[in-house]
Amino acid sequence: MTTNGTGAPAARVANLTKTYGTGDALVTALDDVTLDLANGEFTAVMGPSGSGKSTLMHCCAALDTADSGQVYVGEHELSGMKDKQLTQLRRDEIGFIFQSFNLVPTLTAEENITLPLAIAGRKPEQEWYRRVIDAVDLEDRLTHKPNQLSGGQQQRVAVARALVSQPRIVFADEPTGNLDSHSGAEVLTLLRRSVDDYGQTIVMVTHDPVAAAYADRVVFLADGRIVDDLREPDRESVIQKLTEVSARVDPAPPTEV
Ligand SMILES: Nc1ncnc2c1ncn2[C@@H]1O[C@H](COP(=O)(O)OP(=O)(O)OP(=O)(O)O)[C@@H](O)[C@H]1O
């Protein structure tokens with residue numbers, strides 16, 4: 001297996017290209033993308049609809065494969081791995097948070113949180129588990145089923161589920177897309193704290209400049225390419241960059257974001 005050397009970033013893609021369809025229907029979803037995702041950093045991925053954000057995240061998270069280029073998660077190079085190894089990697093090294101929460105409706109909050117560990121035949125590391133439950137502030141909701149919880153509480157369960165196995169990297173796909181701004185802020189604060197307090201690495205796709213401002217870095221995609229990279233973003237600088245990126249894609253005068 002090819003490795004990424006010592007001191008590797010949490011994840012790295014190198015010269016990643018992915019197309020869909022053929023002939024007139026050919027779409028280049030990713031066009032020679034190279035990106036390092038540093039350990040302990042919170043990265044937001046933004047860009048117009050169809051710019052390749054989900055494709056990039058799915059390739060990084062071993063949920064999809066590219067046509068060419070390399071994807072590393074830690075020291076593992078994904079193209080060299082068999083299906084069983086990829087399943088193990090997803091289980092042991094990667095956490096996922098989806099827009100639609102994706103909780104199991106018949107299980108309690110606590111059972112949902114510990115499900116990935118149960119599947120892996122592992123028990124939660126007790127001290128870490130308590131810290132996660134404490135951080136997501138769900139102590140009195142652990143025996144509730146998802147339909148007895150608000151959207152924000154359900155997403156906090158999903159965040160706890162992603163964090164409890166101490167994955168190398170967490171991928172979040174529009175984690176606040178279905179939440180009101182107050183619940184969204186709670187979830188984003190929680191993600192931010194997991195980076196600041198525990199050194200968690202997070203990659204989040206979002207359309208929301210307010211959500212992106214919680215990150216350390218915002219990577220902008222357009223037409224399958226990385227076209228900008230912003231450090232220490234705030235809402236205004238993100239809106240400014242988004243306007244510039246949209247103008248590059250569509251030469252019509254930029255509209256207000
Ligand atoms: N399964 C597929 N078959 C064909 N084309 C696809 C497929 N998945 C994605 N695409 C195309 O690849 C390009 C990138 O799509 P992708 O979903 O990665 O963009 P995105 O930036 O996540 O968009 P959005 O913000 O709308 O979710 C788009 O042109 C899309 O239509």
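This is a predicted model: local features need pLDDT of at least 70, side-chain atom pairs count only at pLDDT 80 or more; totals for chains, interfaces and linings use all residues.
**The shell around the ligand**

- The residues that surround the ligand are Tyr-20, Gly-21, Val-27, Ala-29, Gly-47, Ser-49, Gly-50, Ser-51, Gly-52, Lys-53, Ser-54 and Thr-55.
- By residue class, this shell divides into 3 nonpolar, 8 polar and 1 charged.
- Two elements, β2 (27-37) and α1 (53-60), each supply at least two residues of the shell, and α1 gives the most, with 3 residues.

**Thr-206, a buried loop residue**

- Thr-206 is placed in the loop between β8 (202-205) and α7 (209-212), and it counts as buried because it has 26 C-beta neighbours inside 10 Å, where 20 or more are required.
- Once its neighbours within four places in sequence are left aside, Thr-206 is in contact with Ala-44, Met-46, Glu-174, Ala-211 and Ala-212.
- Although Thr-206 and Gly-47 are 159 residues apart in sequence, their C-alpha atoms are 8.5 Å apart in space, and Gly-47 is one of the residues that surround the ligand.

**Two aspartates with positive phi**

- Most residues other than glycine have a negative phi, which is the background for the two entries that follow.
- Asp-137 has a phi near 55°, a positive value in a residue other than glycine, and this aspartate is found in the loop between α4 (126-136) and α5 (151-163).
- Asp-137 has 13 C-beta neighbours inside 10 Å and therefore counts as partly exposed, since a residue is exposed at 12 or fewer and buried at 20 or more.
- Asp-223 likewise has a positive phi, near 50°, and is a residue other than glycine; its position is in the loop between β9 (217-222) and β10 (225-231).
- With 17 C-beta neighbours inside 10 Å, Asp-223 falls between those two cut-offs and so also counts as partly exposed.

Key
Residues are numbered from 1 along each chain as its sequence is written. A residue is near a molecule or strand if its C-beta atom, placed from the backbone, lies within 6 Å of it. Helices (H or I, at least four residues) and strands (E, at least two) are DSSP runs, numbered from the N terminus. Ala, Val, Leu, Ile, Met, Phe, Trp, Tyr, Cys and Pro count as nonpolar, Asp, Glu, Lys and Arg as charged, and the others, Gly among them, as polar. Two residues are in contact if their C-beta atoms, placed from the backbone, lie within 7 Å.
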